[in-house]
Structure formats: structure tokens, C-alpha cells
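Open the model in your viewer and keep the selection panel at hand.

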Amino acid sequence: MENVTTAEHVEHEEHGHDEHELSFLQTYVFSQDHKVIGIQYAITAMLFLLFGFSLMMLMRWQLAFPGAPIPIIGDLLGQANAPGGIMLPEFYNQLGAMHGTIMVFLGVVPLAVGGFGNYVLPLQIGAPDMAFPRLNMASYWSFFLGGVVMFASFFVPGGAANSGWTSYAPLSVIATEGQTWWLVGMLFLIASSLLGSVNFIVTTLQLRAPGLSFMRLPFFVWAQLVTSFLLLLAFPPLQAAGTLQLMDRVAGTSFFMPSGLVVADQALEISGGGNPLLWQHLFWFLAHPEVYVLILPAMGIVAEVICNNTRKPLWGYRALVTSIIFLGFMSFIVWAHHMFLTGMGTTISAFFQVTTLIISIPSVVILSALFISLYGGSIRYTVPMLFALAFLPMFGIGGLTGLPLAMPAPDLHLHDTYYVIGHFHYVVAPGTIFALFAGIYYWYPKATGRVMNEVLGKIHFWGSIIAINFVFMPMFITGLAGVNRRLYDGGMTYAHGQEVMQWNAVMSYGAWALGFFQIFFIFNFFWSIRNGRQVNNNPWQSTTLEWQAPSPPPHGNFTTPPEAHRGPYEYSVPGASNDFTMQGQASDADPNRGV
Amino acid sequence: MEIPYTVTARPDTGLNNVKLGIWLFLASEVMLFGGLFSSYVLLRVGAVEWPLGADFVNIPIGTFNTAVLIGSSVTMVLAYASLKLGDLAKFKTYMGSTVLLAVLFLLVKSYEYYEKISHDHLPSHGTFLAIYWTMTALHGLHIIGGIAVNGYLWGPGSSMFHTKRDQFIGRVEAAGLYWHFVDLVWIFLFPVLYLL
Amino acid sequence: MSGSAEEVKKHIDVYLKVAGALAVGTVVTVLASYLDVGVALGIVIALIIALTKGSLVVAFFMHLLEERSRAILWTLALTVTFWFVLMLLPLLTMADHVGTPKTLPNANAAESHAEEAH
């Protein structure tokens with residue numbers, strides 16, 4: 001059925017058809033081509049993911065063996081961070097705050113949105129590029145600058161930000177210099193996001209190929225569209241809040257500093273009158289939609305990979321689209337479920353409880369539709385499909401464990417415990433990140449003309465899925481026992497933690513095992529660029545428009561401008577000559593047209 | 001490689017890319033200033049006492065500046081209309097006036113800031129002053145951005161009038177929308193900070 | 001905005017009228033601030049005037065009254081909705097006292113009663 005012959009190699013260098021030839025810098029560094037920018041985002045983000053993961057692996061040593069010198073690396077960390085190789089609490093706090101910040105803002109979102117969104121979206125809608133290529137380039141470099149600032153913050157006196165990724169006032173206001181760097185870094189990152197979201201929305205609305213109506217869009221595009229609206233409208237209040245916190249730190253204002261605050265037995269010399277909860281409101285107004293920014297592109301990727309590997313259309317396309325739009329809307333009115341313990345009254349708490357419970361409904365609809373899409377399918381267990389399949393139950397666990405947190409009553413017990421860490425990591429780590437792996441394995445041949453090695457991919461998958469559950473499942477146990485988050489010693493000094501302390505070591509071994517298995521991925525990713533099996537333009541026999549373009553696509557993407565003649569998932573259509581019909585294919589009479 | 005619908009409107013959406021893009025950007029700006037206004041409300045409601053605007057700011061000067069900025073909005077929209085009538089000279093007059101009025105606004109604002117500093121009314125001295133300084137400074141940064149864009153369109157950018165007129169009109173329209181928004185923010189900022 | 005010369009000139013007429021209205025509005029808002037009406041009413045009056053002036057700018061200078069694009073109108077509707085949410089909800093979290101006793105139960109104070117605040 002499918003040929004695995006050598007692919008035609010399209011010229012990799014970008015040559016403007018009607019313009020002068022671009023320099024090396026213009027082609028590969030300051031490129032305005034969405035594919036180059038997408039790869040820049042993806043590589044930078046993956047480097048940050050690795051860095052953020054490494055920070056966590058360090059933390060896990062301290063949690064498993066509190067007070068023990070860290071082998072090998074311990075001496076390299078310096079006296080300020082780990083004298084004698086033993087991690088100081090101050091350094092542990094930096095690791096914790098920066099692990100969260102880096103993973104969310106420098107890792108997952110730039111990969112899911114900046115990387116996948118930039119690379120795939122214009123191709124999937126049949127566009128030659130993004131609507132505003134220069135803006136796109138600006139948004140990458142703003143992200144890069146923000147990343148540099150965040151990274152550099154480790155090397156300033158006092159080290160990096162250490163008040164949690166949530167930077168709650170007043171602690172963050174009186175914290176060391178690194179927090180100021182964090183705020184400046186965030187300003188760049190938020191600017192990058194805003195520019196990107198404008199670009200994505202305009203591109204999706206304006207540059208769709210002829211015949212590509214909204215209800216014919218691949219679900220991945222819908223996911224990116226809703227995500228962009230979340231970024232557009234939710235980030236600015238954090239931009240405002242970050243500015244206010246900068247003013248508090250640098251200009252001595254008291255936006256978030258209450259009157260009468262005493263630090264280390266000394267009353268602070270501030271005007272006071274500020275409100276620490278104001279920071280929390282502004283922060284969570286963004287940060288809750290932000291978690292949907294983390295999950296939505298992942299759902300989009302999983303949808304694409306699942307229907308491609310079941311050879312069946314997605315089940316419930318309309319329900320999926322309606323749900324994802326509803327989800328996006330609701331995500332703006334649930335944020336104070338992060339603040340149930342701040343002394344809010346019962347009425348307003350009930351309001352947020354209700355909205356939070358309601359928002360679980362579209363999530364369940366989406367997850368169910370993805371599950372049902374498997375039924376009756378001809379499942380191919382390719383590496384992308386393994387990751388996409390794993391996403392389903394892992395996200396399910398993450399989502400279900402969110403329910404007790406949605407209600408103030410159980411949340412009273414669970415807030416700020418390891419239970420919360422377990423909940424959100426299940427959604428983001430074996431959830432989103434697995435979906436991102438699926439996407440990398442899936443779209444790698446489009447970007448390179450080669451597939452990644454399947455054996456290495458399967459080792460990567462199986463090792464990761466097993467190890468990752470050892471990291472996060474015990475967190476529900478320790479959390480239910482009452483072990484707090486952000487404890488430098490993992491809860492050792494608390495009586496209620498004693499019975500569950502042995503899980504700390506288990507989780508750490510799981511984390512290090514998880515790290516080990518990523519080596520297979522990293523090697524595979526770079527090795528396959530030159531040595532991967534070469535394939536044609538559509539090795540997965542997929543239907544969506546991006547597979548009509550050459551692999552990799554040239555500047556301008558399509559050799560002939562595509563048109564959409566049918567829906568995005570015409571797999572196994574009765575009477576068709578193939579088990580898939582491409583979206584750009586005009587009639588069934590010519591199955592090779594457009595490939 | 002041409003990006004479609006940069007200038008011409010796409011039939012089903014009725015928009016060109018630039019117009020949609022600038023409105024989306026303005027939506028995000030509403031949320032940015034909205035975050036600050038929300039902070040103002042929360043801090044003021046929670047405050048034990050809140051000063052009268054007049055204790056710290058000069059109302060006649062603020063009124064003058066409001067008139068200046070509204071004036072610049074009028075000249076901006078007239079600049080756009082002149083372009084649509086094909087009158088480059090008039091466009092330059094009106095756009096130039098917009099930039100000059102904006103600069104005047106900033107000069108007056110700088111004078112106000114200078115007065116504040118010399119009276120020791122710094123942002124660290126109270127919540128009202130903190131929010132006053134922050135909101136007007138952020139607004140001022142937006143004015144500077146507008147001056148840069150409008151100045152470019154008045155000056156070197158205006159050569160596009162002769163080469164790609166429709167695209168130039170689209171750019172001026174987008175710049176106008178941004179500028180009106182900056183004026184809009186001030187229309188709310190002025191009474192909130194100066195009069196209430 | 002439509003293209004023909006007469007239509008543009010009609011628009012210019014409108015712009016000038018709106019400019020006049022904005023000037024009047026500015027004067028009114030300053031004068032109104034000197035009225036002795038108390039803080040709450042003063043805020044309401046100032047906001048009404050500002051909303052009026054703002055609406056004129058948005059409707060006529062930014063041509064929103066003529067805007068037919070659903071993308072723009074829906075985006076703005078969503079933005080305004082979320083802006084309201086951002087303005088109101090944090091306030092409501094501060095203001096909500098239902099279920100909170102006026103005085104906290106104190107083990108030492110025999111006479112303190114937990115009252116229902118409204």
C-alpha cells in the first residue's frame with residue numbers, strides 16, 4: 001500500500017522566488033520563515049526543558065537523601081549554593097521556583113505553541129507563511145531574550161528567583177536580586193506571547209486555503225486558535241502585575257506590601273497600604289488560562305495522531321470544537337480556586353467551585369471523544385501513537401485528581417501539598433509533554449524528510465511511561481498524608497510525614513530513570529537528521545494539508561497553492577480507492593494528486 | 001512570496017490582516033490597562049484613607065493635557081481622512097500636528113513629574129502616588145511608541161503614498177486605531193486620577 | 001471606512017462634531033468634580049461622562065459603529081466581558097462576608113458570640 005522509497009530531496013536552503021538571495025544570517029538566524037522560527041522555538045524550548053528537568057533531578061537528590069552531599073555535581077555548584085556539596089535551603093528554593101518557571105514559560109508553551117504552532121499551523125491551513133513574518137521573528141527573539149535573562153539570574157548575587165514560580169508577595173518583594181531578573185524576563189516572555197498570539201489568530205482567520213471553512217479545520221488548528229485567544233487576553237494582567245511588583249522592588253512602592261510588615265524583627269520602611277492578594281488575583285488571572293494553554297495544543301496533537309493511526313475520522317468533531325471553545329471561555333472565570341485558603345468568603349468560593357466543576361465537563365467531553373475515536377479503529381502502534389495513547393489515561397488521572405482541588409472543602413486539606421504537585425504534573429508531564437513527544441515523532445518527517453528511529457523511540461516511550469508514574473503517583477500518597485510543597489527536606493521534620501517518607505526515594509529514582517530514558521530521545525532526534533530512514537512527503541498516509549507539501553517544505557510551502565475539497569479526516573471512506581483521502585484532493589479519481 | 005490579504009480584504013471575514021491584527025492587539029491592551037484599573041479599584045477600596053486627586057495633582061494642567069490629547073486624536077483621524085481623499089500635503093499637516101500635540105502632552109507630563117519630584121511626591125510615598133506614577137508612566141510609554149510610529153509614517157514612511165498607496169492607508173488606519181486607544185485610556189485615567 | 005470623496009467629507013463633518021462634543025465633555029467632567037455630591041455619586045458621574053466620551057472615540061474615530069467584522073466584534077465582546085470579570089471579581093472576594101462571624105470565636109472571651117454578618 002505505501003511506498004517507502006527514497007524521497008525527492010527538495011533544496012533545503014531558502015531562496016526567495018522573486019527576491020534576492022538571503023544571507024546566512026537572514027536564512028537561519030534572523031529568519032522570517034515560520035518553519036525556521038518554529039524550529040528555533042522548538043530547539044530552544046527543548047534545551048530549556050532539559051535544563052528545567054535537570055534542576056528537578058538535583059532537587060530530587062535533596063528530597064531522597066536530605067543533607068547528603070550531591071555526588072559529582074555537588075562540588076561544581078559552588079559554596080554559595082551547596083557548601084561541601086550539600087544543598088542549601090536557599091538554593092533548593094531557587095531550583096524549585098526556576099524549575100516551574102522554566103518548564104511552563106520557557107519549555108512547554110514555547111514548544112507547544114511557538115514550536116508546533118508556528119511550524120504546523122500555516123502548513124495545515126495551506127498558507128505560505130504566517131500573516132506577519134517580521135512580527136513572528138520579533139516574537140522568537142523576545143522569547144530568547146527572556147530566556148537569557150532567566151538563565152542569567154542564576155549567576156547574580158543571591159541566585160535566581162526563589163519565591164516559587166508563583167512569586168507571591170510580600171515574600172517576592174523582599175526576595176533577593178534574582179526576583180527582579182525574573183520579573184524582567186517575564187516582561188520579555190509575555191511580550192513574545194502577545195505578538196505570537198496576534199499572529200496566530202490573524203493567520204488562522206485570514207490565510208486559510210480556499211475551501212477550508214472553519215468546520216473543516218483540523219482540530220489541531222482549533223486548539224491553537226483558542227490557545228491564542230487565551231494568551232492574548234489573559235497575559236496582559238500579569239504584565240501589569242509584574243510591572244507593579246517591579247515597582248515594589250525597585251521603586252519602593254507598596255502595591256502588594258501591607259502596612260505594618262515586620263521582617264527579621266525590623267519593621268519595613270514602606271508606605272504600606274498594599275494588598276498581597278492583589279498579586280495573587282492578577283497572577284492567577286493569567287496563570288489559570290495558562291494551564292489551558294499548556295494542555296490545549298497537546299489535545300490538538302493527540303487528536304491528529306490518533307485519527308491518523310486508527311485510520312478513522314475523529315469521533316465527535318463538532319462536540320470537540322464546541323467543547324474547546326467553551327473550555328477557553330470558562331478558563332477565565334475559575335482562577336480563584338488557587339486561592340481557596342486566602343480567606344475569601346463562602347459565596348465567592350462557591351462561585352469559583354461551581355465554575356471549576358463546570359470546566360471539567362468540556363475536558364471530559366474532549367477526552368471521551370478521543371477515547372471513542374479509538375473504537376473500531378485499525379490501530380497502528382507507531383511511536384507517535386504510543387505517546388498519544390498514553391496521553392489519554394495519564395491526562396485522565398490528572399483531570400480526575402483535580403476534582404477534589406476544585407472544591408474548597410477537600411482543598412482545605414490538599415492545598416499546597418504534594419497532592420497538588422501530583423495532580424498538575426500528571427496533566428503536564430505524562431499529559432502534555434507526552435503529546436509533544438508524539439508531535440515531534442509525527443511531524444519530524446515533514447521537517448526533515450526522514451523518520452526517527454523506531455526502536456529507539458519505543459525504548460524512549462516504554463522507559464518514560466513506566467518511570468514517570470513512579471515519579472508522580474506516590475505524590476498523591478504523600479500529599480494525602482499532608483506533606484507540604486516546597487519543603488527543603490521533603491517533610492522529614494513533620495510527624496504526619498514520617499509514614500510516607502520512604503516514597504521520596506522512590507520518586508527520586510523514578511525521576512533519574514526518567515532522565516536516563518530521555519537520552520534515547522535526544523540521541524535519536526539528532527542522529528536521525530542525517531541517518532534517519534528517508535521517506536516521501538506523506539509517510540504516515542495522513543489526510544491533512546501539511547502532508548501535501550514537500551518534506552521539508554520550501555520557502556512559501558506549497559509548490560502549487562492547495563485547496564481544501566473535503567473535511568480533514570477522510571479516513572476509510574467507503575468506496576474510496578485508498579484508506580485515506582487527502583483534504584486537498586479534488587476527486588477520488590486521482591489518489592496521487594497533491595502527494 | 002506574497003502574504004495574501006495584507007491590503008485587500010478577505011471576502012468572508014471582510015478584513016485585511018493589518019486591521020484585524022491591530023484590533024486584537026488593542027484587545028490585549030484593554031486587558032493590560034484593565035489590570036491596572038482593577039488594581040486601582042482594589043487598593044482604593046481597601047485603603048483606610050484615600051487622598052483627593054487635587055492634593056497631589058494640578059487639575060488645570062491635567063485638563064489642558066486632556067484637551068491636547070483629544071486634539072491629537074482629532075488631527076489623527078483627519079490625517080487619515082486626508083489620505084483617503086488623496087491629499088498628501090493635508091495628511092502631512094494633520095499627522096505632523098498629531099505628533100507635535102503628542103510631544104506637547106509629554107512635555108507637560110514631564111513638567112508634572114518634575115513638580116512631583118521636587119515636592120517629594122514619589123511613588124514610594126503612598127498608594128495613590130504609586131498608582132498615579134505607574135499608570136501615567138505606562139500610558140506615557142505608549143505615547144512615546146505612538147510618536148515613533150506616527151513620526152515614521154509622517155516622515156520616511158510616507159514615501160509609500162506614491163508606491164503602495166492602499167497599503168500606506170492601511171498602516172495609517174492601524175496607527176490611528178492605536179492612537180485613539182491611547183487617547184481612550186487617558187479619557188478614563190484623567191478623571192480617575194485627577195478628579196476623584 | 002468607505003471610499004468616495006463625499007462620504008469621506010461626511011465623515012469629516014462627523015469627526016468635527018465629535019471633537020466638539022469631546023471638548024464639552026472634558027469641561028463638564030471637570031466642573032462636575034467640583035459638585036458637592038459625595039464620593040460614590042461623584043465616581044458614578046465621572047464614569048458616565050468618561051464612558052460617553054470614550055464611546056464617541058470608539059464609535060466614530062475608531063469606526064466601530066461601521067464595523068461589520070464578526071471577528072473584531074466578538075473579540076471585543078469577549079474582551080469587555082473578561083475586563084468586567086477582572087474588575088469585579090477580586091473586589092467581590094474582598095467584600096464577601098457571608099458565613100464569616102463578625103468576631104472570631106475566642107477561647108478566652110466568654111461573652112464573645114459568633115454573629116452572622118450580612
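Predicted model: local features only at pLDDT ≥ 70, side-chain atom pairs only at ≥ 80, totals over all residues.

Select Leu277(A), His281(A), Leu282(A) and Phe285(A) in helix 8 of chain A. They meet Phe82(C), Val85(C), Leu86(C), Pro90(C), Thr93(C) and Met94(C) in helix 3 of chain C. Contact here means heavy atoms within 4.5 Å.

Residues are numbered from 1 along each chain as its sequence is written, chains are lettered from A and ligands numbered from 1 in the order in which they are written, and side-chain values use heavy atoms, with hydrogens and water left out.

Now show the two helices whole: residues 276-310 of chain A and residues 70-95 of chain C. Helices (H or I, at least four residues) and strands (E, at least two) are DSSP runs, numbered from the N terminus. The two axes come within 11 Å and cross at roughly 145°. Axes are lines fitted to C-alpha atoms, for helices over the stretch in contact, and angles run from 0 to 180 degrees between N-to-C directions. Which hand does the crossing of helix 8 of chain A and helix 3 of chain C have? The crossing is right-handed.

**Chain C against chain A**

Together the chains bury about 1500 Å², 82% of it on carbon and sulfur atoms. Buried area is the accessible area (1.4 Å probe) that two parts lose on being put together, summed over both. Look for salt bridges (a side-chain nitrogen of Lys or Arg within 4 Å of a carboxyl oxygen of Asp or Glu). Between chain C and chain A there are zero.

**Chain C against chain B**

Turn to chain B. This contact takes 42 residues from chain C and 41 residues from chain B. The buried area is about 3600 Å², of which carbon and sulfur atoms give 84%. How many salt bridges lie between chain C and chain B? The count is one. Select Lys19(B) and Glu67(C) to see this salt bridge, with the closest N and O atoms 3.3 Å apart. On chain C, helix 1 (5-32), helix 2 (39-61) and helix 3 each supply at least two residues of the side that touches chain B. Helix 3 gives the largest share, twelve residues. By class, this side of chain C divides into 30 nonpolar, ten polar and two charged residues.

**Backbone details in chain A**

Go to the loop between helix 4 (133-152) and helix 5 (171-174), where Pro170(A) is found. The peptide bond from Ala169(A) to Pro170(A) is cis, with omega near -5°. Ser167(A) is found in the loop between helix 4 and helix 5 too. Ser167(A) is not a glycine, yet has a positive phi of about 45°.

Last stop: Pro552(A), in the segment after strand 4 (533-534). A cis peptide bond joins Ser551(A) and Pro552(A), with omega about -5°.

Terms used:
Left-handed = near helix turned anticlockwise from the far one by under 90°. Nonpolar A, V, L, I, M, F, W, Y, C, P; charged D, E, K, R; others polar.
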